[in-house]
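Here is a note for a colleague who is starting to read protein models. Please keep the sequence and the structure open while going through the points.

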Amino acid sequence: MNVFITGASSGIGRELAKQLIAAGHTVWGIARREKELKGLSSEIGSDAFLYSVCDTSDTSAVSRVLQEVKKKNFLPDAVVLNAAAFVIDCEPHYDNSVFEQVFKINVFGALSWVEAFIADFAARKAGQFIAVSSTSAFRPDWQRASYPASKAALSMAFRGLKLRYAGDNIFFKIMYFGPIATPMSIHVKRNEEGKMVAKGFYVGKTEGAARALIRLIESKRNVAYYPLFSTALFRILLFFPDSFFAVISKLLKKDR
Ligand SMILES: NC(=O)c1ccc[n+]([C@@H]2O[C@H](COP(=O)([O-])OP(=O)(O)OC[C@H]3O[C@@H](n4cnc5c(N)ncnc54)[C@H](OP(=O)(O)O)[C@@H]3O)[C@@H](O)[C@H]2O)c1
């Protein structure tokens, strides 16, 4: 299988690339940090990993990568839209430019790959897109207005695209992650060098998150949740008001 992954330089995307290649698949990964991609390439040490430096919010960079991908005849079987920004936009006050940038990466940057590959998928009558979403799509964050809104927008767009392409053998799947121990997480404790030293019991491992994504790619399901415990609890608690949930979230935050 050929798999295209955005945000392959770190966290879940990086681990997903490693697991897919170990299972015999070919991966094309993109991210902005060349050093990290180069490091991953040497760690993997196989021609099955190809990569491009690309900011997914930059439409000309997306077009350039699409040309590179086509030149190498790499038509993906699955496209994992994993790259995302998770930044504070409400401190000291709401900043609209940050909100806009987060949407450019998390929503438009993700959907630009759908536009890039959809015609080839339709011609081949096969293919799948996986949106890496979050349980944040269901709840607001008191410091970040943009991140939950962007995940809700991406997930809803995928639900629409799923309906549109239902008869074309093209699948739009959504992975809802709860807290995962990656560089993005606020639910892990780090030492002065930034190394993770502790994580809450409800926080999933990066390896497990990548395995959950592979299971979703290989299954006929359209939606999956990981880790089971925290995402199930999260969904059960949805009937509580946002203000109550915000208090619980503040208590669980480890990067205070
Ligand atoms: N960790 C969690 O608790 C958690 C929970 C729910 C959902 N998720 C979702 O899981 C996905 C992966 O996150 P992660 O936890 O693995 O975080 P991470 O380690 O910070 O990885 C984020 C990846 O996105 C890439 N990226 C960010 N902006 C980009 C841009 N403009 N263009 C191209 N690539 C870009 C980063 O690469 P460069 O910096 O090199 O560009 C990096 O490879 C995200 O969609 C996130 O929202 C994570």
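This is a predicted model: local features need pLDDT of at least 70, side-chain atom pairs count only at pLDDT 80 or more; totals for chains, interfaces and linings use all residues.

1. Residues are numbered from 1 along each chain as its sequence is written, and side-chain values use heavy atoms, with hydrogens and water left out.

2. The protein chain has eight helices and nine strands, where helices (H or I, at least four residues) and strands (E, at least two) are DSSP runs numbered from the N terminus. Its radius of gyration is 18 Å, close to the 18 Å that the globule rule gives for 256 residues, so the chain is as compact as a globular protein of that length. That radius is taken over C-alpha atoms, and the rule is 2.2 Å times the number of residues to the power 0.38.

3. Of the 256 residues in the protein chain, 48% are buried; buried means under 20% relative accessible area, exposed over 50%, and partly exposed in between (1.4 Å probe, protein chains only). Among contacts with a separation of 6 or more, 67% join residues 24 or more positions apart, a contact being heavy atoms within 4.5 Å.

4. The largest nonpolar core has 31 residues, and those with the most contacts inside it include L16, V80 and L213. Such a core is a set of buried Ala, Val, Leu, Ile, Met, Phe, Trp, Tyr and Cys residues joined through side-chain atoms within 4.5 Å. Helix α6 (residues 206-218) gives the most to this core, with seven residues. A second, separate core of 29 residues includes C54, V65, L66 and I118. In soluble globular proteins, nonpolar side chains tend to be buried together.

5. Not counting residues up to four places away in sequence, L213 touches I12, L16, V80, I130, V132, M175 and F177.

6. T182 lies in the loop between β6 (170-177) and β7 (188-190), and T182 is buried, with a relative accessible area of 12%. Leaving aside residues up to four places away in sequence, T182 touches G11, I12, R190 and T206.
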